[in-house]
Amino acid sequence: MRKLLIIVASLFVMAGVAGADDFAAEKKAGDLMVKVSIGNNPLSVGPNDTVIEIHDGAGHAVTDAEVNVYWFMPSMPAMNYEVKADLQDNKYVAVIKPTMPGEWDADIKVKRKTGDQQKATISFEAK
Ligand SMILES: [Cu+2]
């Protein structure tokens, strides 16, 4: 019985190491797939490191885009912020800073060199 408890306990520890505390969401934007990973779940009021991966319909990483993150409270649209995401190792990185706890949306705005513009919207909670 004791051995079983130890095994169960170590499974929980391993799940923690695998990044159970990250926020992750995947959304389609036109023919693009946008995957968002954020270092806190729920997000913190304050800075949250955000990584955005974008793939085209053929599964290739999109690296020619201008990517902006616009986050706002749907219940208080005047509370909105926007930052540019920077390309780093074929991914886009930004810092999302919710200024108060509650429900937020973020539009990931993707503008290709061709002029094509798409956006993916994710919802998250900040605490
Ligand atoms: Cu607010």
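Modeller: Let's start with Glu53, which counts as partly exposed because it has 15 C-beta neighbours inside 10 Å. The scale behind that, with C-beta atoms placed from the backbone, calls a residue buried if 20 or more other C-beta atoms lie within 10 Å of its own, exposed if 12 or fewer, and partly exposed in between. Keep in mind that this is a predicted model, so local features need pLDDT of at least 70 and side-chain atom pairs count only at pLDDT 80 or more, while totals for chains, interfaces and linings use all residues. Numbering starts from 1 along each chain, following the sequence as written.

Glu53 sits in strand E3, which covers 48–55. Elements here are DSSP runs numbered from the N terminus: helices are H or I with at least four residues, strands are E with at least two. Skipping anything up to four places away in sequence, Glu53 touches Lys35 and Lys91, where contact means that the two C-beta atoms, placed from the backbone, lie within 7 Å. Met33 is 20 residues from Glu53 in sequence, and their C-alpha atoms are 8.0 Å apart.

Now for the strand itself. E3 has two faces: Asn48, Thr50, Ile52 and Ile54 make up the covered one, while Asp49, Val51, Glu53 and His55 are on the uncovered one. So which strands does E3 pair with? Strands count as paired if DSSP finds at least two bridges between them. E2 and E3 run antiparallel and share six bridges, with Met33 standing opposite His55. E6 is also antiparallel to E3, joined by five bridges, and there Val51 faces Val93.

The largest nonpolar core has 22 residues, and Val34, Ile52 and Ile108 touch the most other members. Strands E2, E3, E4, E6, E7 and E8 each give it two or more residues. By nonpolar core I mean a set of buried Ala, Val, Leu, Ile, Met, Phe, Trp, Tyr and Cys residues joined through C-beta atoms within 7 Å. Ile108 shows how those pieces meet: beyond its neighbours within four places in sequence, it contacts Val34, Val36, Ile52, Val67, Val69, Lys119 and Ala120.

Between E2 and E3 lies Pro42, and the peptide bond from Asn41 to Pro42 is cis, with omega about -5°. The loop between E5 (76–88) and E6 holds Asp89, a non-glycine with a positive phi of about 55°.

Zooming out, the chain has one helix and eight strands, running α-β-β-β-β-β-β-β-β from the N terminus. Of its 127 residues, 20% count as buried. Among contacts with a separation of 6 or more, 55% come from residues 24 or more positions apart.
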